[in-house]
Amino acid sequence: MKKTWQVWWRIAVWLLGVGSLSVGAQVVPVPADTLPGRNGDTAADVVVRADYVTVLTAVNGAAGLPVQNLSDADFEIYEDGQLQVISRVGRQDDQPLRLALLLDISASVRNRLKFEQEAALDFFRRVLRPQDRAAFYAFNHDVYLRQDLTSSLSALETAVRGLEARGQRRCTMRFSLQRAAWSVNPDGG
């Protein structure tokens, strides 16, 4: 059960990371003739200056447990080979999660489906808090949205329990991940 929990956790963290990067930026219109290599006969370009970039991370130790009490001295961030100044490192325990969980229901998992369902439910019960929302997808040769983003554990449990292994053994994992990532962060930001 521990190994399955780790797999689901990594998927959820990956999906969270895909949907959680944010940039505080200022859009500044600049006349084309002030940019190097421009002669002023084209429309103005837009230059974006990022003043503050938030990078959400999860750091686990060798035992797989989260590392506590990290400071800015524990991190280095480079942009274009240049070391950047880290202005703040802090915990965001209250940040609401939006995640999608995917479950393989192809014929190849028929003997393990019950185990996978219990692992998925265990994941939802342990991770989701009242302010969090999760979506649930099942996939085999196609992708099925079983439950759109919700904070209801009972709705997620109904979606997970109502599955049976079927379909071709060929999985569409890549397409499933793309759809799930889009559902968690439809703006693409």
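In the predicted model, helix α3 (residues 153–161) has Leu-156, Ala-159 and Val-160 as its buried residues, where buried denotes under 20% relative accessible area, exposed over 50% and partly exposed in between (1.4 Å probe, protein chains only). These three residues lie on the same side of α3 because they cover an arc of only 95 degrees around the axis, the arc being that of the directions from the helix axis to the C-beta atoms. Ser-154 and Thr-158, on the other side of α3, are exposed. The packing partners of the buried α3 residues are α2 (113–127), β6 (133–139) and β7 (143–150), with contact taken as heavy atoms within 4.5 Å. Helices (H or I, at least four residues) and strands (E, at least two) are DSSP runs, numbered from the N terminus.

Residues are numbered from 1 along each chain as its sequence is written. As the model is predicted, local features need pLDDT of at least 70 and side-chain atom pairs count only at pLDDT 80 or more, while totals for chains, interfaces and linings use all residues; side-chain values use heavy atoms, with hydrogens and water left out.

The largest nonpolar core comprises 20 residues, and Leu-99, Phe-124 and Phe-136 have the most contacts inside it. At least two residues of this core come from each of β5, α2, β6 and α3, and α2 gives the most, with six residues. Another core, of eight residues, lies apart from it and includes Ala-100, Ala-135, Tyr-137 and Val-143. A nonpolar core is a set of buried Ala, Val, Leu, Ile, Met, Phe, Trp, Tyr and Cys residues joined through side-chain atoms within 4.5 Å. Residues up to four places away in sequence aside, Phe-136 touches several residues, among them Phe-124, Leu-156, Ala-159 and Val-160.

Asp-104 belongs to strand β5 (residues 98–104). Asp-104 is buried but forms no salt bridge, the nearest side chain of opposite charge being Arg-112, 5.8 Å away. A salt bridge requires a side-chain nitrogen of Lys or Arg within 4 Å of a carboxyl oxygen of Asp or Glu; Lys and Arg count as positive and Asp and Glu as negative, whereas His and the chain ends are not counted.

Most residues other than glycine have a negative phi. Asn-69, in the loop between β2 (45–54) and β3 (78–79), has a positive phi near 55 degrees. Asn-69 counts as exposed because its relative accessibility is 73%. Asp-80, in the loop between β3 and β4 (82–83), has a positive phi of about 50 degrees and, at 75% relative accessibility, counts as exposed.
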